[in-house]
Amino acid sequence: MATELKPGQKRLTPGAIFADIAIVAWFVFALFPILWMLLLALKNDAQQTSTYFAFSPTLENFGTVLSQRGTDLTSVDFKSAILMSILNCGGAVLVSLLIGIPAAYAAGRYRFKGSEDLMFNMLSFRFAPELMVIVPLFVIYTQIGLFDTVFGMIWVLQLVTMPLIVWILRSYFEDMPEDLEQAALLDGYTRRKAFTMVALPLVRPGIAAAALLSFIFAWNNYVFPLILSDTAASTVTVAITKFLGGGGQAYYNLTAAAALIGALPPLVLALTIQRYLVQGLSFGAVKG
Amino acid sequence: MTSPSRGFSRRDMLKAAGLVGLGSTVLPSLSACGVGGGERHPNGASEITGSFDWKKLSGQTVRILQTPHPYQQSFQPLLKEFTELTGIQVVADLVPEGSYFTKLNTELAGGSGSHDVFMVGAYFIWQYGPPGWMEDLKPWIANSAATSDEYDFEDIYEGLRTSTSWDFTPGSPLGTGGQWAIPWGFENNVVAYNKAYFDAKGIKPAEDWGNFQQLARDLTDRNEGRYGVAFRGSKSWATIHPGFITQYSRMGCKDYEVKDGRLVAGMASEQAIEFQKAWVDLAREAGPASWTTYEYPDCTRDLGNGNAMMCYDADSATYPKNKPGASKEAGNLAWYAGPAGPDGSYATNLWTWSLAMNAASKNKLAAWLFIQWATGKEAMSKAVGTAFADPTRKSVFDSTFKQTLGAFPGYLDAFEKVVGSSKIQFTPQTQFFQTTQDWSVALQDIYGGDDAASRLRDYAASAEAKVNV
């Protein structure tokens, strides 16, 4: 007779064992690049390509990246590059939220002639390769004085952040029962008030999730800051690759250290708003 | 109120695919035509009159676009000396090697002139020169109001001066037409080897191609993680330009020959097929295990780690691995010219990082003063004392640079043996990057099992069609 299972306990079957092994294997596979990067960041120059797991660990690379030597190697102050990324990406997300939330609400609640085309057009910003449009963008930016400026970067990053925010939040507004706003309207609220006081608070987790996702996408963007900025508005992604070196002198260890430091701000942000993020990502997951 | 329909119809998807397809076809074509950069800029040298004065533009700023390299790094601390000499501030922007030409190409196509001076390799002149993106520096060199009497352009090795000069007619020899860049640093493609291992086993470097192949095979022991010779094999034009084209040229093979005004491909001649088959066999039997992914950092890494016993690549790419503490085999490496051709030829392909002036620069004299200073005797002499490899000036090589080569056995001998026949061994043509990458793919296919003769005949026909458009 089979043993009675306690709550939360699983029966040990070949399928369950296989599933557990598969999950562990997947985690190892998924996390290995991060582990490899961490190991690389702890190696000195001589051991960076000659060792795998046995080496003399050092934290020196992290110090070098943030020091004057790092600046001399790359012509960029890495600390400033991080601040610039926070400014560029934070600014881009803020602008996208200010414009994108009302746009997503309108797109979720109203259908008018060409509304689907408009949404599709916005989505096309995401799937058009950036290199395809970079030459005309570069010409426009240099001619109107936006090249290598924070304002210019915030503007161009709208191509990254705006479609994400509008499309994600549109689905939130669509999933939200319309009756709530109708009730508010019956109570004498204006449409604007119904939006700000009823609809908006309900999609707050969605806003957090969309903002974080778009922040990460903007943070990881490489082509726009590479081409449309030099030193004044350049971001952390471009600064990281400058540690790669060239001409037979490669600093993979410094690049890995820079990449780990560069990954911290979005990670901290994600942990800070984790509560909203979980709510936001699971919102609308169970529907009738 | 109705809720909008969600999801995409098949028609939407087709529309999207069409738009992307159209965009990816039309936009690169537009940019290739020089969208925004169509304007031809007149040469600025004739505007400079009077006597030469380094301080003529004191207080101005010059912007430089560079990629990280020992050349650039050795000059970085000297930039303040240029400012002291001229009063001109230097803003140097550094772009990683992998993205450098994407950025440079965009800037030049955009015609912005946002950087006055940029680093460029000789082959890139064949692409950036014809649209008028580069300033011809010949009139600047000839203008005594713009160029110091001490500059001595002829002191730069002849093979380098000609490699950066061309008249833009496909097949026309290098050294004709304008001077589109000034060589700043360069590298010869020779063989670096593990001297400590060779000495311990009583092995001498092989001086001819047949012995070189045999030696590489004899040195290979996969069980011990050791193989004979590292050279590049990835899908890139850069696979062809170092050891491969050097040995190809030494064996007397040609990429193209001009016949009746047309370029005729020579990669499928009997002699060329025989060499290329031998090259691929060498890669398979005595080269790196994953040869088709190999780029120069992989080759030099294997040499430095003691996996590769020889490396046929740029001398200055292998040079850093011998610096104390830089690699496991630091101090154990040595250089020699590599195997000679059947007729004793040491024809060698070179790479030169040169400095060029943006034709759209609004600050051309400042740009020229910077190029003149950076490629001048004094600054180059100072730079070679730190990390600079292979100075482009004979006077600097003979004086300062020779003194730094004590710990690099054979480097000097190899250099002196090949420098007289070191030049760009390719025939200049505007489709260089596409056709040369195709060449690397042909070699990969042969490595994968294709018949060498038929694959190279296909490649030669396709390349010939492209270069004669």
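Why does the distance between the end C-alpha atoms of helix α8 of chain A agree with its 18 residues? Point 2 picks that up, after a word on conventions.

1. **Ground rules.** This is a predicted model, in which local features need pLDDT of at least 70 and side-chain atom pairs count only at pLDDT 80 or more, while totals for chains, interfaces and linings use all residues. Residues are numbered from 1 along each chain as its sequence is written, with chains lettered from A and ligands numbered from 1 in the order in which they are written.

2. **Helix α8 of chain A.** Helices here are DSSP runs (H or I, at least four residues), as are strands (E, at least two), and numbering starts at the N terminus. The expected span is 1.5 Å times one less than the number of residues. For α8(A), residues 158-175, that should give 26 Å, and the end C-alpha atoms are 25 Å apart, so the two agree. Its buried residues include A:V160, A:M162, A:L164, A:I168, A:R170 and A:F173; buried means 20 or more other C-beta atoms within 10 Å of a residue's own, exposed means 12 or fewer, and partly exposed is in between, with C-beta atoms placed from the backbone. The buried residues of α8(A) pack against α4 (78-109), α5, α10 (191-202) and α11 (204-220) of chain A. Contact is counted when two C-beta atoms, placed from the backbone, lie within 7 Å.

3. **A:V236.** You'll find A:V236 in helix α13 (residues 236-241) of chain A. A:V236 counts as buried because 28 other C-beta atoms lie within 10 Å. Leaving out residues up to four places away in sequence, A:V236 touches A:A81, A:I82, A:S85 and A:G262. A:V236 and A:L83 are 153 residues apart in sequence, yet their C-alpha atoms are 8.5 Å apart in space.

4. **Domains of chain A.** Chain A splits into domain 1 (14-58) and domain 2 (68-282); the bounds come from an automatic or database domain assignment. Their C-alpha centres are separated by 30 Å. Nine residues from domain 1 of chain A and six from domain 2 of chain A make the contact. The domain 1 side has four nonpolar, three polar and two charged residues. For these classes, Ala, Val, Leu, Ile, Met, Phe, Trp, Tyr, Cys and Pro are nonpolar, Asp, Glu, Lys and Arg are charged, and the others, Gly among them, are polar.

5. **Where A meets B.** The contact takes 39 residues from chain A and 47 residues from chain B. On the chain A side, the elements supplying at least two residues each include α3 (68-74), α5 (115-127), α12 (223-228) and β1 (245-246). The most comes from α6(A), with eight residues. By class, the chain A side divides into 16 nonpolar, 14 polar and nine charged.

6. **Domains of chain B.** Both domains of chain B are given in two segments: domain 1 is 51-187 + 351-412, and domain 2 is 188-349 + 426-467. Their C-alpha centres lie 28 Å apart. Here 19 residues of domain 1 of chain B are in contact with 23 residues of domain 2 of chain B. On the domain 1 side, helix α5 (residues 122-128) of chain B gives the largest share, three residues. That side divides into 13 nonpolar, four polar and two charged.

7. **Helix α4 of chain B.** Helix α4(B), residues 97-110, has 14 residues and reaches 20 Å from its first C-alpha to its last, close to the 20 Å expected. Among its buried residues are B:Y100, B:K103, B:L104 and B:E107. Just after α4(B), B:G111 takes a positive phi of about 65 degrees.

8. **Two aspartates to look at.** Most residues other than glycine have a negative phi. B:D152 has a positive phi, near 55 degrees, and lies in the loop between α6 (138-142) and α7 (158-163) of chain B. B:D152 is partly exposed because 13 other C-beta atoms lie within 10 Å. Phi of B:D260 is also positive, near 55 degrees; this residue sits in the loop between β8 (256-259) and β9 (262-265) of chain B. B:D260 counts as exposed, since 5 other C-beta atoms lie within 10 Å.
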